[in-house]
Amino acid sequence: MTTQSEVRTMSTKTPTTKSGATTRGATAPVASPQRAPRTKPYRVKLGSWWWALPALVLMLIVIYATTIAGGFFAFTNWSGLGPFDFVGLQNFVKIFQTPELIGSLWNTLILAFGFLVFTNIFGLLFALALNRSLKSRYVLRTLIFMPVVVSPIAVSYIWKFIFDYNGPLNQAMTAVGLPKQNWLASPTLAIWCVLIVMVWQNIGFVMVIYLAGLATVPIEMEEAAALDGASTFKRFRYVVLPQIQPSVAIATTLTLIQGLRVFDQVVALTGGGPAGATQTLALEVYQTAFTYQQFGFGAALALILSLLILVFSLAQQYATRDRSLKEA
C-alpha cells in the first residue's frame, strides 16, 4: 500500500548533477512557453491622408466640379462670357425638335454599335489565332497592336490620304478594273470609312484583352472536350467562352463608351460632312459651344451624351454579367 509521502516522492522529479548524483528535494525548472511577438495591425491614420490631398483636390476640381457646372449651365442660355438666364428645359426641347441633331444622334449610335460589334469580333478572332499555336505569334501581336499607340488624329490623316480620290485605294481599284469612288465625299460611304478607321486602330487593344482572358483557360479542358468529340465551334462555345466572360464584359464596355464619344476620326476625316452624314454628338457639342458660342446649348448636348453613355453602359454590363456567380 502506497503512503501519501511515497506518492509525493514519486511525483517529484529528482534531477541529476554532472557527476551523475541525484539531488533530492529539488525539482527541475519547467520552461514557460514563449509567446510570439504581437504584430501591430497596420492602420492608416487620419493624419496621414495629407499626402493625397493635392490629387483629391485636383480630381474634385477637374472632374466633379466641371461636370456639375456643365449640368448647371445646360439649363441656361450662357454664351460662355457675361451674364446668363435660366431657360429650364428649353435647350432639351430644342434638341429633339432639330432634325440635324436627331441625325447626329443616329450617326453616333451607328458608329458606336458598329464599332462595338466589329472591333470585338475581329479582336477575338485575332486573339484565338495568336493564342498558342503559331511560333511567330509574338511578332504578329506586336504588329497588330502598333496602331493603338499612334495618335488617332495621325492615323485618320493617313487613312484620309488612302481614301483620297487619287489615293492608293482608288489606284488599286483602277488596276483591277473597278471604278473609282468618292469615299469621303459620298454621304453613303463616308460614315463607313470613319467606322473602318476606328475598327482598324483598336483591334489590337481588344485583342490584348481577349488574350489575357484566354490565358486563364486551362488547356486540359479544351483537350478533354476534343477527346470527347466536340468540334472547334462547340469547344469555343461551351468551354472557352464561359471562361473569358469577364474579358468580354470589359472589352464590350470600353468599345461602347469609345464609340459613343467618337470625335478625333470624324474631325480629321470628314469634319462632320458631307451634308452632316458623319456628324456626331461629340462634334456637335464642340461646334455648338466653341464655334457658335452657345455654351448652354452645348452643355445640354453634352449632358444628353453623358446620359446615353451611362444608360448603354449599364445595359451592356447587365447583358454581359457573369450569370454563373449569380446562380451560385
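A charge sits over a ring if NZ of Lys or CZ of Arg is within 6 Å of the ring centre and within 35 degrees of the ring normal. In this predicted model, R237 lies over the face of Y238, 5.1 Å from the ring centre. K94 takes up such a position over F297, at 4.7 Å from the centre of that ring.

Next come the contacts between rings. The structure holds 16 aromatic pairs. One of them joins F72 and F84. Their ring centres are 6.0 Å apart, and their planes meet at 85 degrees. Planes over 60 degrees apart count as edge-to-face, so this pair is edge-to-face.

Where do F72 and F84 lie? F72 belongs to helix α2, residues 53–73. F84 is in the loop between α2 and α3, and α3 covers 90–96. The pair therefore ties together parts that are 12 residues apart in sequence. F72 is partly exposed, at 37% relative accessible area. F84 is partly exposed too, at 30%. Both residues belong to one aromatic cluster, formed by F72, F73, W78, F84, F86 and F295.

Now turn to F163 and W183. This aromatic pair is tilted, with 6.2 Å from centre to centre and 45 degrees between the planes. F163 lies in the loop between α6 (152–162) and α7 (168–175). W183 lies in the loop between α7 and α8 (190–214). The contact therefore ties together parts that are 20 residues apart in sequence. Are these two residues buried or exposed? Both F163 and W183 are buried.

Conventions
Residues numbered from 1 in each chain as written. Predicted model: local features only at pLDDT ≥ 70, side-chain atom pairs only at ≥ 80, totals over all residues. Heavy atoms only, no water. Phe/Tyr/Trp six-rings, centres within 6.5 Å; stacked < 30°, edge-to-face > 60°. Helix = DSSP H or I, 4+ residues; strand = E, 2+ residues; numbered from the N terminus. Buried < 20%, exposed > 50% of the residue type's maximum accessible area, 1.4 Å probe, protein only.
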